[in-house]
Amino acid sequence: MKNQPPIHTLKTFSTIILGIVLALLSAADIPAAEPATTAEKAAEAQSNGKGQWVEVHEGTGGVTVDRSNGDVYIVVTGKEIFKERGQGIWKSTDRGATFARVDGNIISGRCETGYGLCQDPNGQRLYCFMLDGSSGFTLDGGKTWEKLGQVNRGWDFAAVDWSVEKPQVIFGSEHESGGKYHLSTDGGKSWTKLGEPPKDARGTMGVGVADAKTLVRWMGSIGGIERSLDAGATWTKVSDEAPAGHVMVVFKGVCYWVGEKGLLVSKDKGATWAVQGQPVQAAWGPYFGKDEKHIVVAGKSEIQETTDGGQTWSFVAALPEPFKNPPGPGWYLNFAFDPVNNLFYASWMGKPTYRYRR
């Protein structure tokens, strides 16, 4: 008993330990969306904080986000897209504060549409379908890259079969080809043209891959959604609904397409389709948040969001000022949503990539 410390000493020691533990817990609870670097803080200060679009990189033509960790990927083109050589894929792990090239000089050219970058909704895997340059992909979050086989000048957009670990089936639309579609069953090493589109098919078109055996498409002005179970040899019309996005998105086994009437959904691999929830005007998306009910879409004037699967939609933000009222169908616009840090990104070929924080 003689060697025991006084009671008040033990209480003081306990108080110190408790204070350290509480400090560590408090530090761990800092919101992930807070600026991580001096550069990012300076950008936020210059834009008067939240609720503003902030330029994070100049001369780009494509942006996407890995929804599993918030990593941002951009296509760097330079400001003069027809004079400067494409500079590949650049990645940011600090919410757009800094970027570094990660593709190992595999990717070049530019994205023609907002669906040129095809990101796995579950994260890590990214395919880049480029125009006037080389296309490629990463399956490990940008650590390693492989090239894709090319067709003529390249691609407008393409869909990937995410149902297997290493995708083999890819369904794409060739640039300035009058609507020619190509299919690869060997991971993009070689391509087979799936015939010519109908002569009365005009305007915007779209593609989708439900699984290795199931393709879907829509042919612009002829309307409706068609489905093939034999690698595109024959097609059957399965819906009169009209999509508005170039590429169908598959998330947790369900097929999604932004449509003229709202969010189109198929729970049977594209065999039947229905409008889910309330009408929403969109041409890009859907981009998923924490789950299948948390969805972001973008139109030619604004970004909208739902947290109840489309039963209600709310306004997020108008587009950055340089992107408002895009000409034609607005193909060049690119959007991305980071649900980890609650951030939004927009890009347009030759213009900067912008970030929006609510």
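This is a predicted model: local features need pLDDT of at least 70, side-chain atom pairs count only at pLDDT 80 or more; totals for chains, interfaces and linings use all residues.
The protein has 358 residues, of which 55% are buried. Its secondary structure consists of 2 helices and 27 strands. Among contacts between residues at least 6 apart in sequence, 47% join residues at least 24 apart.

Seven strands form an open sheet in the order β4-β3-β2-β1-β27-β26-β25, and the pairing is antiparallel. The edges of this sheet are taken by β4 (100–101) and β25 (333–338); each has a single partner strand, so one side of each is left without a neighbour in the sheet. For β25, pairing with β26 (residues 343–348) is antiparallel and runs over 6 bridges. Within this pairing, L333 has W348 of β26 as its bridge partner.

The largest nonpolar core contains 48 residues. Those that touch the most other members are W53, F171, L215, I303, F335 and F344. Strand β22 (residues 295–298) supplies the largest share of this core, with 4 residues. Leaving aside residues up to four places away in sequence, F344 touches W53, V296, I303, V316, A336, F337, Y354, R355, Y356 and R358.

Salt bridges were counted next, and the total is 13. One of them joins D120 and R125, whose closest N and O atoms are 2.9 Å apart. Both partners are buried: D120 has a relative accessible area of 3%, and R125 has a relative accessible area of 10%, so each falls under the 20% limit for a buried residue. A salt bridge also forms between the side chains of E226 and R217, with an N to O distance of 2.8 Å. E226 and R217 are likewise buried.

The salt bridge between K252 and E292 has an N to O distance of 2.9 Å. This pair links distant parts of the chain, the two residues being 40 residues apart. K252 belongs to the loop between β17 (249–251) and β18 (254–258), while E292 belongs to the loop between β21 (284–288) and β22. K252 counts as exposed, with a relative accessibility of 56%, whereas E292 counts as partly exposed at 31%.

The largest cavity has a volume of about 450 Å³. It is lined by 28 residues, and T64, Q119, V249, P286 and Y287 are the closest of these to its centre. Two or more lining residues come from each of β1 (53–65), β5 (117–119), β9 (155–160), β17, β21 and β25. Of these elements, β1 and β25 are also strands of the open sheet described above, and β25 is one of the strands at its edges.

Terms used: Residues are numbered from 1 along each chain as its sequence is written. Side-chain values use heavy atoms; hydrogens and water are left out. A nonpolar core is a set of buried Ala, Val, Leu, Ile, Met, Phe, Trp, Tyr and Cys residues joined through side-chain atoms within 4.5 Å. Buried means under 20% relative accessible area, exposed over 50%, partly exposed in between (1.4 Å probe, protein chains only). Contact means heavy atoms within 4.5 Å. Two strands pair if DSSP finds at least two bridges between them. A salt bridge is a side-chain nitrogen of Lys or Arg within 4 Å of a carboxyl oxygen of Asp or Glu. On a 1 Å grid over the protein atoms alone, a cavity is a set of points where a 1.4 Å probe fits but cannot get out, and a pocket is an open set with protein on both sides within 12 Å along at least five of seven lines; lining residues have an atom within 4 Å of a point. Grid points are joined across faces, edges and corners, and a volume is the space filled by probe spheres set on the points.
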